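Thank you for asking me to look this over with you. Please keep the model open beside these notes, and find each residue as it comes up.

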Amino acid sequence: MASRSVTTAARSLCAAVLLALALISGCSTAAGTAPPAPAATESADVGVVDEGTAGVPDAVALSSPPVRIDVPAISVSSDLMGLGLQQDGTMEVPPGAFPAGWYTGSPIPGAMGPSVIAGHVDWDGAPGVFSRLGDLVPDDDVIVTLQDGTTSRFRVTEVDQYPKAEFPTTTVYGDIDHPGLRLITCGGRFDSDAASYDDNIVVYADLIS
């Protein structure tokens, strides 16, 4: 029987692959329904926060999903929607410029492991919820409010930009030994032929209170 750490790592890797695929295809300025991600070949069993990675009991975590994100340095104050998997196994993405979305296969913000929140940089020619994500710098604050009214405050530690073809899945989504947060959007040059951006911007943050 596999150990808890092996099971947790495998589940995190599956979640990472699915979400990475979604973000590679999901950032666009096109109007209408967000384009679906390519079908994933990994297991889709990523919808429940694993007991080994969550810092709170499952029942509490599942009853208190994140409902709001505030990033004062870039004037972001947005509701959060849940991002799960579609019936064909592809990853959902926010259907428009707002709101941002929390990937339900990642830990509750404030629980152990990397929680993932994604949003569009723009949509139909207008700025998206994460239009200024790349302007964040280390020590900026990110506050996430849960459904039960509690808040988790994170401090930015790093802001990176990656070509989508070189997205560091393990670095961004792999297991960590503390509560962390990843904010993700598109960046770089907009490829009008592909109707998508060349890069992804990733903000890394750690829980401080």
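In which strand does V159 lie? The points below begin with that residue, and it should be kept in mind throughout that the model is predicted.

1. V159 belongs to strand β8, which is made up of residues 151-163. Its relative accessible area is 26%, so V159 is described as partly exposed, because the term buried is kept for values under 20% and the term exposed for values over 50%.

2. The surroundings of V159 include residues from other parts of the chain, for V159 touches G134, L136 and V137 as well as I201, V202 and V203, when residues up to four places away in sequence are left out of the count. For one of these, V202, the spacing has also been computed: although V159 and V202 are 43 residues apart along the chain, their C-alpha atoms are separated by 5.9 Å.

3. Is S115 buried or exposed? With a relative accessible area of 0%, S115 is buried, and it is placed in strand β4, which covers residues 113-118. Leaving aside residues up to four places away in sequence, S115 is in contact with W102, S106, P107, I108 and P109, and also with G180, L181 and R182.

4. S75 is to be found in a loop, namely the one between β1 (66-71) and β2 (76-83). Here the relative accessible area is 62%, so S75 counts as exposed. The C-alpha atoms of S75 and V129 lie 9.5 Å apart in space, while the two residues are 54 apart in sequence.

5. How many aromatic pairs does a search of the whole structure find? The search finds three. Among them is the pair of Y162 and F167, which is edge-to-face, with 6.1 Å from centre to centre and 70° between the planes; both Y162 and F167 are buried.

6. Why is the pair of F167 and Y173 called stacked? The planes of these two rings stand at 25°, with the ring centres 5.8 Å apart, so the pair is stacked, since planes under 30 degrees apart count as such. Both F167 and Y173 are buried.

7. Taking the last two points together, F167 takes part in an edge-to-face pair with Y162 and in a stacked pair with Y173.

Terms used: Residues numbered from 1 in each chain as written. Predicted model: local features only at pLDDT ≥ 70, side-chain atom pairs only at ≥ 80, totals over all residues. Heavy atoms only, no water. Helix = DSSP H or I, 4+ residues; strand = E, 2+ residues; numbered from the N terminus. Buried < 20%, exposed > 50% of the residue type's maximum accessible area, 1.4 Å probe, protein only. Contact = heavy atoms within 4.5 Å. Phe/Tyr/Trp six-rings, centres within 6.5 Å; stacked < 30°, edge-to-face > 60°.
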